[in-house]
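Please look through the sequence and the model below before reading on. The paragraphs that follow go from single residues to the whole chain.

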Amino acid sequence: MRSTTTSAPATDTAVALSATTLGETHPRVTHPMTKGALRTCWRDLNTVQFGMTPAHAMTLGPMDLATGSFLRLLDGTRGLPLLHEEGHRMDLPPAHVDGLVERLSEAGLLDDASGGGPAVETLRGKEKVLERLGPDLAALSLVASAPGEAMARLAARRSLRVQVRGAGRVGAVVASLLAGAGVGHVDVRDGGVVEPWDVAPGGLPVDSVGERRDEAARRAARRAAPDRPPRRTVARSPHGESDPGLSLVILAPRDDLAVHAPDPAAAEPLVTSGTPHLYAGVVEGTGIVGPLVLPGETACAGCLDRWRVDRDPVWPRLVAQWRTARPRQVRACDLALATTVAGLTASHVLAFLDGRTPSTAGARWEVSVPGLDWHARPVWAHPACPCGAEEKSKEEHTSKDGGSHETMAEQRPSTEFRRKAHAARLSGTWRAHV
């Protein structure tokens, strides 16, 4: 009997929506296995449901008894030739087996227990490391639809280099989370020594008080890592200096003013070099994650600052007073809020490193006590900012409009309309992340 795969809508009931078709291009699976991250159950005698939550639940049917029994054989221990033999014993022709494997693959319900290249094979050979990273691999399989893609992404993390600037209650925890999730090279930069108020679960330990902040945070990250990172081949620039090859920089300052009003000059070298960077931190009981700056493509700290001046002409005067005021030694940054910010920051970093564009690109996510409701504040590219993001967005708009020669004012909708439209899109993206 022919089977089809369908998606579950955003309810607790998986309902047939559409059938997949044969003939579409998909990766060749050598040792197919259904994704173990999804619980499997029978909705009725002819329909199987993979997954419980509306975000990932899929149904497979109609299905006869033999095909339902055959599903149990897709556990990664058998190649396609052996599966054909097993199917023959169950009166299932090879074409039926291949069709079932193809439909499961197209629906994102199938993984591959072999293949993937040298990096993947190296990771597969590290049994204890995979035991540590098992939950991360299972979670990746939910968003990596192609067979074997989740393992490939996890293996790719081991070769990436991320730098965290700031080793306080947010930055040190972010560094440990990224190292624990398999990012191979996590560097931490900060000055001074660890103070008692820097200590946080998952970040700087109590016994590090009095030690250099950056060294203590690096040790914490190394302790969280499942294994030692692979050795890197250091590239050399034409001038002979080493190229750090940073995949991303996380700016997590301990100074709450630097969180609220990031200095564009501090990130100018990152924009100039084209290095992606993400802001995160806590200021006066408000946690902030974003924006993720993709130089030349999305808004930067300079854009944020210029829009603030446009909205409030006295903004520079306020910032100048905050910067010249006597610094407070201990700032409002409670553990629960700091850990929440660190967790969301790490999630967005991992999404970016895994090849996706998180909703912090062009927005700042904020959450404040006591309500603790996350909301997005869009950060638009500013036409006066030299980062070039506004020019990029204008070019994309013109290209989509088929070479329109409208002015920028005509091209851009009203500020209020843009704010509402962008916030709605980001709100939907956030629900998907949750």
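A contact here means heavy atoms within 4.5 Å. This is a predicted model, in which local features need pLDDT of at least 70 and side-chain atom pairs count only at pLDDT 80 or more, while totals for chains, interfaces and linings use all residues. Residues are numbered from 1 along each chain as its sequence is written, and side-chain values use heavy atoms, with hydrogens and water left out.

Leaving aside residues up to four places away in sequence, Arg78 touches Thr30, His31, Pro32, Leu73, Leu83 and Glu86. Arg78 sits in the loop between helix H1 (65-70) and helix H2 (80-89); helices are DSSP runs of H or I with at least four residues, strands are runs of E with at least two, and both are numbered from the N terminus. The relative accessible area of Arg78 is 17%, so the residue counts as buried (buried is under 20%, exposed over 50%, partly exposed in between, with a 1.4 Å probe and protein chains only). Its side chain makes polar contacts with the side chains of Asp75, at 3.2 Å, and Thr77, at 3.4 Å. A polar contact is a pair of N or O atoms within 3.5 Å; within protein, one must be able to donate a hydrogen and the other to accept it, and residues adjacent in sequence count only if both atoms are side-chain atoms.

The peptide bond from Gly61 to Pro62 is cis, with omega near -5 degrees. In S5 itself (residues 58-61), Met58 and Leu60 point one way, Thr59 and Gly61 point the other way, and all are buried. Strand S4 (residues 47-50) runs antiparallel to S5 and is joined to it by three bridges; two strands pair if DSSP finds at least two bridges between them. Val48 has Leu60 as its bridge partner in S5.

Asp91 lies in the loop between H2 and helix H3 (94-106). Its phi is near 65 degrees, a positive value in a residue other than glycine. With 69% relative accessibility, Asp91 counts as exposed. Leu372, in the loop between S14 and S15, also is not a glycine and has a positive phi, of about 55 degrees. Leu372 is partly exposed, at 47% relative accessibility. The loop between strand S14 (363-368) and strand S15 (375-378) holds Pro370 as well, and a cis peptide bond with omega of about 5 degrees joins Val369 and Pro370.

Which residues have the most contacts inside the largest nonpolar core? They are Val170, Leu178, Ile250 and Leu353, in a core of 45 residues. Helix H13 (residues 335-353) supplies the largest share of this core, ten residues. A second, separate core has 21 residues, including Met63, Leu80, Leu83 and Leu92. A nonpolar core is a set of buried Ala, Val, Leu, Ile, Met, Phe, Trp, Tyr and Cys residues joined through side-chain atoms within 4.5 Å.

H13 also takes part in the packing of helix H6, whose buried residues pack against helix H4 (118-124), helix H5 (127-143) and H13. In H6 (residues 149-157), the buried residues are Ala150, Met151, Arg153, Leu154, Ala155 and Arg157.

For the protein as a whole, the secondary structure comes to 16 helices and 15 strands. Of its 434 residues, 44% count as buried. Among contacts with a separation of 6 or more, 66% are between residues 24 or more positions apart.
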